Amino acid sequence: MARSAFQALTGLVLLFSSAATASQDHAVCNHLATTHGNETVQPTESSYEALSTENWSQTVWAKPACIVQPSSTEELAYLVSTIVDWNVNFAVRSGGHSVVPGAANINGGVLIDLSKFDTVDYDADKSVAVVGSGLRWKEVYTSLDPYNVTVVGGRVLEVGVGGLTLGGGLSYLADLYGFVCDNVVNYEVVTASGSVVNANAESNPDLFWALKGGANNFGIVTKFTLKTYPLHDAWGGVRVYSLDALPQLFDAMYEYQSNPNKDPYANIMLQAFPTNASIGAILNIVYLKGEAEPEAFAPFRNITPLADLTQLQTFTELMLAAPVPELTRVNWFSSSFKTDKELFNTVADIVSHAPELDELTNLTAGSLAFGWQPISTSAILAGEANGGNALGLEPVNQTWLVLDVGWWYPEDDKLAHDYTASMISKVDEASKASGHYVDYIFMNDAAADQPVIESYGVKNVAKLKATAAKYDPAGVFQNLASGGFKLPA
């Protein structure tokens with residue numbers, strides 16, 4: 001009887017606590033609607049449904065108490081300080097491509113939508129572009145095309161600038177200039193107190209370093225000042241193969257990745273769909289010069305594709321042509337390992353024939369694709385030359401593997417997660433057993449329960465925590481903005 005009474009009391013406490021939280025959420029939303037009516041969208045408004053489900057994967061659709069869309073740094077600073085004063089939970093959305101629940105949407109609380117931070121200002125004299133954090137990469141590239149320059153940015157054009165850059169960011173220009181985060185020269189940041197600070201090599205250099213891979217743990221970035229580089233024409237595109245060609249493709253990838261003098265203008269990614277033979281395997285080929293069939297891709301020449309769409313074109317056109325599957329619910333997992341022929345064969349067998357693949361296909365619309373992403377030593381060294389980042393990477397040739405899983409219904413969420421997690425665990429176990437494991441998890445390809453920031457190393461984690469304590473001493477971005485990849489406790 002006593003236990004039943006205790007459980008009933010606990011239930012009442014939780015009920016009242018939930019009701020109090022909801023009341024506080026609605027109160028701050030009503031306040032913001034009064035002070036910033038044009039920027040605040042309430043659930044009763046016609047635009048609310050589309051905005052609350054704008055995120056790419058349905059797994060992260062949510063129902064915030066309201067959505068605010070500030071159009072200036074000053075407005076955002078006021079909104080942040082107000083939300084913090086009211087002690088209300090919030091999330092921040094740039095492009096909404098993340099599959100991590102709570103990272104870019106929220107149930108209850110306030111969703112801060114950065115879509116009105118949408119300008120690109122190119123400074124030819126300084127060779128930089130100031131880019132709004134609410135943009136997607138397509139908008140950035142097309143804005144810079146008339147000047148025949150580009151930035152080190154995302155490979156999928158519908159991905160948002162903010163999340164990709166703060167997670168490290170992989171680019172087709174990485175071998176030349178480092179990762180996306182390595183090419184930021186200034187961050188404009190709104191801190192938890194509502195202050196606006198600039199972080200660069202001279203001003204707030206600790207925050208500048210921490211934002212290079214440290215995600216949403218320190219403040220909200222409104223603008224990124226990015227280095228620009230001359231680039232317009234490129235060669236490449238996609239080649240499509242049957243799944244039967246995978247053994248040859250993996251052999252060619254090993255040869256390509258083993259070249260001690262790899263051409264830094266060459267970049268490649270192998271994607272395959274072992275659960276869908278009608279799609280097969282896709283090789284994304286990029287050469288950052290207007291030169292067809294360069295020698296860098298010689299290992300792939302004797303593998304006959306079903307279709308070859310490579311051609312001379314602009315760099316932006318090349319990326320626009322890359323296929324992006326339309327999926328309802330999505331998750332992904334990341335693993336990293338060094339270049340070794342025997343390990344490549346083992347991993348290839350896991351991602352092509354693991355029994356979990358059959359289980360995934362039994363889900364409604366269940367599918368899995370893997371992405372094989374070569375990372376060269378030169379990319380890591382370029383980052384070090386640009387002042388370093390928080391990622392803790394060892395400068396060795398390596399592969400960043402991503403497993404992308406898609407399915408249809410919410411009731412299959414756990415099964416889809418567990419089967420794919422089992423596969424990535426097998427990859428990690430194989431690479432550890434071979435001695436070629438890389439203790440790094442690429443945030444932009446990671447599942448919510450993967451220990452991303454822990455993989456940066458003890459020293460870097462300590463520096464990140466010290467920086468967070470300095471710029472967010474109350475822990476707002478750990479507690480009120482609790483979605484995404486948080487600093488370890």
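Helices (H or I, at least four residues) and strands (E, at least two) are taken here as DSSP runs and numbered from the N terminus. The model is a predicted one, in which local features need pLDDT of at least 70 and side-chain atom pairs count only at pLDDT 80 or more, while totals for chains, interfaces and linings use all residues. Residues are numbered from 1 along each chain as its sequence is written, and side-chain values use heavy atoms, with hydrogens and water left out.

Ala-365 lies in the loop between helix H11 (356–361) and strand E17 (367–375), and its phi is near 60°, a positive value in a residue other than glycine. Asn-148, in the loop between helix H4 (137–144) and strand E7 (149–151), likewise has a positive phi near 60° without being glycine. For context, most residues other than glycine have a negative phi. Buried means under 20% relative accessible area, exposed over 50%, and partly exposed in between (1.4 Å probe, protein chains only). Ala-365 therefore counts as partly exposed, at 43% relative accessibility, and Asn-148 counts as partly exposed at 42%.

Thr-328 counts as buried because its relative accessibility is 16%. Leaving aside residues up to four places away in sequence, Thr-328 touches Ser-57, Gln-58, Trp-407 and Trp-408, where contact means heavy atoms within 4.5 Å.

Turning to the helices, H4 has Trp-137, Val-140, Tyr-141 and Leu-144 buried. These residues are on the same side of H4, because they cover an arc of only 90° around the axis; the arc is that of the directions from the helix axis to the C-beta atoms. In an α-helix there are 3.6 residues a turn, so residues three or four places apart point the same way. The packing partners of the buried H4 residues are strand E5 (120–123), strand E6 (128–132), E7, helix H5 (161–166), strand E10 (220–230) and helix H9 (315–320).

Another helix pair is formed by H10 (residues 341–353) and H13 (residues 413–434), whose axes come within 10 Å and cross at roughly 165°. Axes are lines fitted to C-alpha atoms, for helices over the stretch in contact, with angles from 0 to 180 degrees between N-to-C directions.
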